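Hi,

Here's the structure I promised to pass on. Have a look at it first, and then read my notes below.

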Amino acid sequence: MGVLPSGLAEVISDDEDLARFLTSSSQFNAHMAKPASFLPNPQDRETSIFRHGNNPLDRLRAIGVEHVAGQRNLHGAAIFKARHVRAAQLDVTAAEPPPRHAAIRNWPWLENDPELQRAKQKEMAAVISSKAELVRL
């Protein structure tokens with residue numbers, strides 16, 4: 001197994017903690033990250049996430065500020081395990097740079113039926129969202 005420039009393993013284990021940063025108040029409510037916050041970007045057809053590992057929350061916030069927020073607010077993060085992504089029949093792979101970056105991939109794309117595509121994607125995102133812990137940063 002190879003090692004990335006960040007020092008992390010190339011392969012993400014099922015028990016590894018991952019974080020989806022939340023930059024809009026519409027992405028979560030008082031109790032959870034909404035499934036829509038996990039949906040893929042239509043341009044690259046994947047969802048950008050970061051490998052959280054055992055880092056304390058102040059380090060997680062620093063990653064979010066440095067690599068995600070930009071001009072947006074950093075409200076929090078949804079923390080979940082890689083196995084929850086795989087349980088949704090999706091893949092999670094390392095995608096550096098930036099350091100610790102990863103992506104949720106293999107979302108369904110049905111060019112001839114965008115409504116069915118969206119429904120399938122929402123169903124998969126709900127599997128991840130249901131297992132994620134909302135952390136305010």
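Below is what turned up, starting with a pocket and moving on to the aromatic rings.

One thing to keep in mind: this is a predicted model.

Let's begin with the largest pocket, which has a volume of about 370 Å³. It is lined by 20 residues, and the closest to its centre are Arg-20, Asn-41, Thr-47, Ser-48 and Arg-72. S2 has the largest share, with four residues. Sorted by class, you get eight nonpolar, seven polar and five charged residues in the lining.

Now for the rings. How many aromatic pairs does a search of the whole structure find? There are two.

One is Phe-21 with Phe-50: the ring centres are 5.7 Å apart and the planes sit at 65°, which is over the 60 degree cut-off, so we call the pair edge-to-face. Phe-21 belongs to strand S1 and Phe-50 to strand S2, so to speak a link between distant parts of the chain, 29 residues apart. Are these two buried or exposed? Both Phe-21 and Phe-50 are buried.

The other pair is Phe-38 with Phe-80, also edge-to-face, at 5.4 Å centre to centre and 80° between the planes. Here Phe-38 comes from the loop between S1 and S2, while Phe-80 is in strand S3 (residues 76–81), and the two are 42 residues apart. Phe-38 and Phe-80 are buried.

Last, find Trp-109: Arg-45 lies over the face of its ring, 4.5 Å from the ring centre.

Cheers

How values were computed:
Residues are numbered from 1 along each chain as its sequence is written. This is a predicted model: local features need pLDDT of at least 70, side-chain atom pairs count only at pLDDT 80 or more; totals for chains, interfaces and linings use all residues. Side-chain values use heavy atoms; hydrogens and water are left out. On a 1 Å grid over the protein atoms alone, a cavity is a set of points where a 1.4 Å probe fits but cannot get out, and a pocket is an open set with protein on both sides within 12 Å along at least five of seven lines; lining residues have an atom within 4 Å of a point. Grid points are joined across faces, edges and corners, and a volume is the space filled by probe spheres set on the points. Ala, Val, Leu, Ile, Met, Phe, Trp, Tyr, Cys and Pro count as nonpolar, Asp, Glu, Lys and Arg as charged, and the others, Gly among them, as polar. Rings of Phe, Tyr and Trp (its six-membered ring) pair if their centres lie within 6.5 Å; planes under 30 degrees apart count as stacked, over 60 as edge-to-face and the rest as tilted. Buried means under 20% relative accessible area, exposed over 50%, partly exposed in between (1.4 Å probe, protein chains only). A charge sits over a ring if NZ of Lys or CZ of Arg is within 6 Å of the ring centre and within 35 degrees of the ring normal.
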